[in-house]
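Subject: Handing over a structure, with notes

Dear colleague,

Please find the structure below, together with the notes I made while going through it.

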Amino acid sequence: MPKPDAPSWPKERPAEARIVPGLFRSRNYIWDNDHRIVESHGVSWSQFLALSTLRSQEPDFTLSPTQLYIAAQVTSGGMTKMMHGLTQAGLIERIENPQDGRSRLVRLTPKGIALAEKIVDALIQANKALIGGILEPDETEQLATLLRKLSQGLQARKSSPQDHT
């Protein structure tokens, strides 16, 4: 059995190398928990993304199918199936587009608004309980600020032509 080359395997990893596994483990735990909560309300994660995206479109809670497709991150076939299910459940409706009579828009119904708000409230409460027992309130605020900064910085790098690998 070959001996590992000691100089090539650091005994202590830099902070950047410790952050990523921690983010993945935390994300997986929260992701699983959030999916259970959403699905307990009778919708899939993609359907919830569509509902919450429409709910954020005040005052009329309306988007084009293309805008919704981008937000829900589903395939076009998945989008058709998802919209059919949400329409059948009375959570969304298709309405005429006043700017283009050839197309239709997607609008959240009052039932859809109520469900989106109920799920978001449940997610907020669950994540407050989940994180609140681990971090102090000031640490939670600091982490939220740092994660927002990291996310914005990574998004900016993704949009720039430079290679950051």
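A salt bridge, as the term is used here, is a side-chain nitrogen of Lys or Arg that lies within 4 Å of a carboxyl oxygen of Asp or Glu. Please keep in mind throughout that this is a predicted model.

With that term in hand, we can begin with the charged pairs, of which the structure holds four that count as salt bridges. Side chains of opposite charge can pair when their charged atoms come close. One of the pairs is formed by Arg-55 and Glu-58, whose closest N and O atoms are 3.3 Å apart, and Glu-58 counts as exposed because its relative accessible area is 58%, where exposed means over 50%. Arg-55 also meets the side chain of Glu-117 in a salt bridge, with 2.7 Å from N to O. Since Glu-117 belongs to helix 5 (residues 110–132) and Arg-55 to helix 2, this pair ties together parts that are 62 residues apart in sequence. Glu-117 is partly exposed, at a relative accessible area of 34%, and Arg-55, Glu-58 and Glu-117 are linked in a network of salt bridges.

Glu-58 also leads us to the backbone, as a cis peptide bond joins Glu-58 and Pro-59, with omega at about 10 degrees. Pro-59 is placed in the loop between helix 2 and strand 1, and Phe-61 has its place in the loop between helix 2 and strand 1 as well. The phi of Phe-61 is near 55 degrees, which is a positive value in a residue other than glycine. Why do these two places deserve a second look? Most residues other than glycine have a negative phi, and most peptide bonds are trans. Is Phe-61 buried or exposed? Phe-61 is buried, because its relative accessible area is 14% and buried means under 20%.

Next comes the sheet, which is open and is formed by three strands in the order 1-3-2, with antiparallel pairing. Its edge strands are strand 1 (62–63) and strand 2 (92–97), each of which pairs on one side only. Strand 2 and strand 3 (residues 100–108) run antiparallel and are joined by six bridges; for instance, Arg-94 has Val-106 in strand 3 as its bridge partner. Helix 3 (residues 65–72) packs on the sheet and touches strand 1, strand 2 and strand 3, with a direction that makes about 40 degrees with that of strand 3. Helix 2 (residues 45–55) lies across strand 1, strand 2 and strand 3, and runs at about 100 degrees to strand 3.

Because Arg-107 lies in strand 3 and Glu-93 in strand 2, the pair ties together parts that are 14 residues apart in sequence. Arg-107 is partly exposed at 29% relative accessible area, and Glu-93 is partly exposed at 31%.

Val-20, for example, is placed in helix 1 and counts as partly exposed, at 41% relative accessibility.

Terms used
Residues numbered from 1 in each chain as written. Predicted model: local features only at pLDDT ≥ 70, side-chain atom pairs only at ≥ 80, totals over all residues. Heavy atoms only, no water. Helix = DSSP H or I, 4+ residues; strand = E, 2+ residues; numbered from the N terminus. Buried < 20%, exposed > 50% of the residue type's maximum accessible area, 1.4 Å probe, protein only. Pairing = 2+ DSSP bridges. Contact = heavy atoms within 4.5 Å. Axes fitted to C-alpha atoms, helices over the stretch in contact; angles between N-to-C directions.
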